[in-house]
Amino acid sequence: MQTGKFRGFEVEVHTPGIAVITFNRPERLNGTTQPMKRDLIEMLTQAQMDDAVRVVVFTGSGRAFCAGDDISGRDVNYGDAQALVPDIPRGHAVPIGTYDGLRTLSQPVNLAIRNLDKLSIAAMNGVAIQTGFSLALSCDFRIASTEARMGMGTLRFGLLPDEGGQFLVVQMLGVARAMDFLMRNRIVSAEEALGLGLVHEVTLPGELMNHTLELARELANGPQVAMRLLKRLVYSSAEMTFHQALDDIASKTAISDHHPDSREGVAAFREKRAPRFNQWLEA
């Protein structure tokens, strides 16, 4: 997985295999652009295919996690940032262009996060609106600073949460509370979000990344194959019948039961010691 500065974000990798993606346009509240989204998709593809990457963390710089799409209309100067993929023409001039743009450029970011076999964490340092909020909800874990505020906020512009936000909010809150949250255009504090179940933990601003990296290391040191399979099982179970879920876990158990991590786990239990998982990654 590449590291360095890219269009709208930068990437670092911490031991053991924790990729930290930081949105780095604080002057625009880390608003997203088409080039940024396309480069994010490429970076997530690299993370998916790189066995050395175990956990992906998203966070922001300045006072925002990500305040949605950058709709200022300004040309963006990315400085010395690398471009991972070339620009393509904008496509919102006509209705079919908007449809194609959403399906091809915007929605695939959140789909790529949800489709990652590796676990993901959103370290929500500040404001997370629309695109930024949907991105955070696409992650597997969310830790919020007490300074964070979050919501869709699209109705203030007469727009829709068009990057999957409506699905993700319903999944988190259920239909009744999602209706209230979305139709009343609610922007909630970190503590309110914790009460609603939108985030897993709230920390002081200065402790956010320490808490996030502590969780990331815990996840990264777990048995990666079983955890990646279990992530898929959790999400698929939300949309399957019980019988389908049983068949799904049986097929994945056929992989995990024969993996070196399971043999190590059983041996460690018998020998009354801590297991040393992921030796296959160190070979």
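These notebook entries record what I looked up in a predicted model.

**Entry 1. Ground rules.** I worked with a predicted model, in which local features need pLDDT of at least 70 and side-chain atom pairs count only at pLDDT 80 or more, while totals for chains, interfaces and linings use all residues. I numbered residues from 1 along each chain as its sequence is written, and side-chain values use heavy atoms, with hydrogens and water left out.

**Entry 2. The nonpolar cores.** I looked up the nonpolar cores, each a set of buried Ala, Val, Leu, Ile, Met, Phe, Trp, Tyr and Cys residues joined through side-chain atoms within 4.5 Å; buried means under 20% relative accessible area, exposed over 50%, and partly exposed in between (1.4 Å probe, protein chains only). The largest core holds 46 residues, and Phe23, Phe58, Phe65, Met124 and Met150 touch the most other members. Helix α1 supplies the largest share of this core, five residues. Another core, of 15 residues, lies apart from it and includes Val57, Ala123, Ile143 and Leu208.

I then followed Phe58, taking contact as heavy atoms within 4.5 Å. Leaving out residues up to four places away in sequence, Phe58 touches, among others, Ile21, Phe23, Leu40, Phe65, Ile113 and Leu135.

**Entry 3. The cavity.** I searched a 1 Å grid over the protein atoms alone for cavities, a cavity being a set of points where a 1.4 Å probe fits but cannot get out; lining residues have an atom within 4 Å of a point. I found one cavity of 30 Å³ or more. The largest cavity has about 40 Å³ of space, a volume being the space filled by probe spheres set on the points, which are joined across faces, edges and corners.

Its lining consists of Thr32, Lys37, Leu40, Ser106, Val109, Asn110, Thr131, Leu135 and Glu163. Two or more of the lining residues come from each of α1 (34–49), α2 (95–115) and α3 (131–138), and α2 gives the most, with three residues. Helices (H or I, at least four residues) and strands (E, at least two) are DSSP runs, numbered from the N terminus.

**Entry 4. Backbone exceptions.** Most residues other than glycine have a negative phi, and most peptide bonds are trans. I noted a cis peptide bond between Thr15 and Pro16, with omega about 0 degrees; Pro16 is in the loop between β2 (9–14) and β3 (18–23).

Leu29 has a positive phi, near 50 degrees, and sits in the loop between β3 and α1. Leu29 is partly exposed, at 26% relative accessible area. Asn278 also has a positive phi, near 70 degrees, in the loop between α10 (260–270) and α11 (279–282). Asn278 is buried, at 1%.

How values were computed: On a 1 Å grid over the protein atoms alone, a cavity is a set of points where a 1.4 Å probe fits but cannot get out, and a pocket is an open set with protein on both sides within 12 Å along at least five of seven lines; lining residues have an atom within 4 Å of a point.
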